[in-house]
Amino acid sequence: MSVIALKIDVDTFRGTREGVPALARLLEKHDAPATFLFSLGPDHTGRALKRVFRPGFFGKVARTSVVEHYGIKTLMYGVMLPGPDIGRCEAEGLRAIRRAGFETGVHTWDHVRWQDGVAQADEAWTRRELQLATERYAEVFGERPTVHGAAGWQMNEAAYRLQAELGYTVASDGRGEHPYWPCNAQGQVIGPVQLPSTLPTLDELIGLDGWTVDNVHEALLARTRTLAPLHVYTLHAELEGQKLAPVFERLLRGWREQGYRFATVGDCARQLDLSALPRCPVALGTIPGRSGTLVVQQPAFA
């Protein structure tokens, strides 16, 4: 059986309020299970503007129409406007997604703060951020989360250890090729099983190599033409849940025609033979089409 786990990162207040329910309707139309990972604290998207100094940032902004997808108001949160508390303001909307039968989990507390800070942060900083998100999730849903997917695919070693301490049993925190156990340099497992994103995101492809909104689905379908046991595809409530919804619908149809079925991240993890998974060290790397570094699966220990 060939499976695509649909992992939905929800980064912003607007994405939560508008993109999430739109995606839920589209997924229900296609009878496609999915995992929604929520940002649960303040929306400080405007603070991401400091990334202008990163190599490749301007090119990505120009290619992917950030203003069009996120909106001017969202880009002012945390800079010229106070950032709305997503988990508090949209708690009922989050619970509606769970009631609709979708899997839910934690993306982050403050998306920009985690994405820009965790790689260099110490254990105390990391603990505070992850605990805030974990406790807010429990407040909203009445139970503790078990699924985690890091904002911006950014982690540090302490974050993996804290996931295990806080009760997370499966995570999709980085990019890679297949499920694995995250390890330190000595080969010791330090966190829950990882199901990395295996496919590029739409914003990494659009504007490169002739790929446009009209044909970018073909780039992804070409990568999945040879059936694989498991792919993890990360989409965003701010993109596929809004302007790029038609692209995502073409992908859903195309993947089903290729012979894939859809599943949640948690369901896929429960089908794994955990004892047979490789142990891979955690490290940062680069991905074509994305600025900066992020967690990338490394070669397994012998």
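Let's start at W153, which counts as buried because its relative accessibility is 2%; here buried means under 20% relative accessible area, exposed over 50% and partly exposed in between, with a 1.4 Å probe and protein chains only. W153 sits in the loop between β4 and α8, and its phi is near 55 degrees, a positive value in a residue other than glycine. D209 has a positive phi of about 55 degrees too, although D209 is not a glycine. D209 is found in the loop between α9 and α10 (216-223), and it counts as exposed because its relative accessible area is 74%.

A word on what you are looking at: this is a predicted model, in which local features need pLDDT of at least 70 and side-chain atom pairs count only at pLDDT 80 or more, while totals for chains, interfaces and linings use all residues. Residues are numbered from 1 along each chain as its sequence is written, and side-chain values use heavy atoms, with hydrogens and water left out.

Now for the overall picture. The chain has 12 helices and 12 strands, where helices (H or I, at least four residues) and strands (E, at least two) are DSSP runs numbered from the N terminus. Of the chain's 302 residues, 59% count as buried. Among contacts in the chain with a separation of 6 or more, 74% come from residues 24 or more positions apart; a contact means heavy atoms within 4.5 Å.

E249 lies in helix α11 (residues 245-258) and counts as buried because its relative accessible area is 14%. Leaving aside residues up to four places away in sequence, E249 touches L26, K29 and H30.

Next come the charged pairs. Side chains of opposite charge can pair when their charged atoms come close. With a salt bridge taken as a side-chain nitrogen of Lys or Arg within 4 Å of a carboxyl oxygen of Asp or Glu, the count comes to 20 salt bridges. In one of them, the side chains of E143 and R98 meet at 3.0 Å, N to O. E143 lies in the loop between α7 and β4 (147-148) and R98 in helix α5 (residues 91-99), so this pair ties together parts that are 45 residues apart in sequence. E143 is partly exposed, with a relative accessible area of 41%, and R98 is partly exposed at 26%.

Another salt bridge joins E165 and R127, at 2.7 Å from N to O. This pair links distant parts of the chain, with E165 in helix α8 (residues 157-166) and R127 in helix α7, 38 residues apart. R127 counts as partly exposed because its relative accessibility is 23%.

R175 and E204 form a salt bridge whose closest N and O atoms are 2.8 Å apart. R175 lies in the loop between β5 (170-171) and β6 (181-183) and E204 in helix α9 (residues 202-205), so the pair ties together parts that are 29 residues apart in sequence. R175 is buried at 4% relative accessibility, and E204 is buried at 2%. Elsewhere, salt bridges that share partners join D85, R88, R136 and E139 into one network. Within that group, E139 is placed in helix α7 and is exposed, with a relative accessible area of 53%. The C-alpha atoms of E139 and G87 are separated by 9.1 Å, with the two residues 52 apart along the chain.

On a 1 Å grid over the protein atoms alone, a pocket is an open set of points where a 1.4 Å probe fits, with protein on both sides within 12 Å along at least five of seven lines, and lining residues have an atom within 4 Å of a point. About 340 Å³ of space lies in this second largest pocket. Its lining divides into eight nonpolar, seven polar and five charged residues.

Note on methods:
Grid points are joined across faces, edges and corners, and a volume is the space filled by probe spheres set on the points. Ala, Val, Leu, Ile, Met, Phe, Trp, Tyr, Cys and Pro count as nonpolar, Asp, Glu, Lys and Arg as charged, and the others, Gly among them, as polar.
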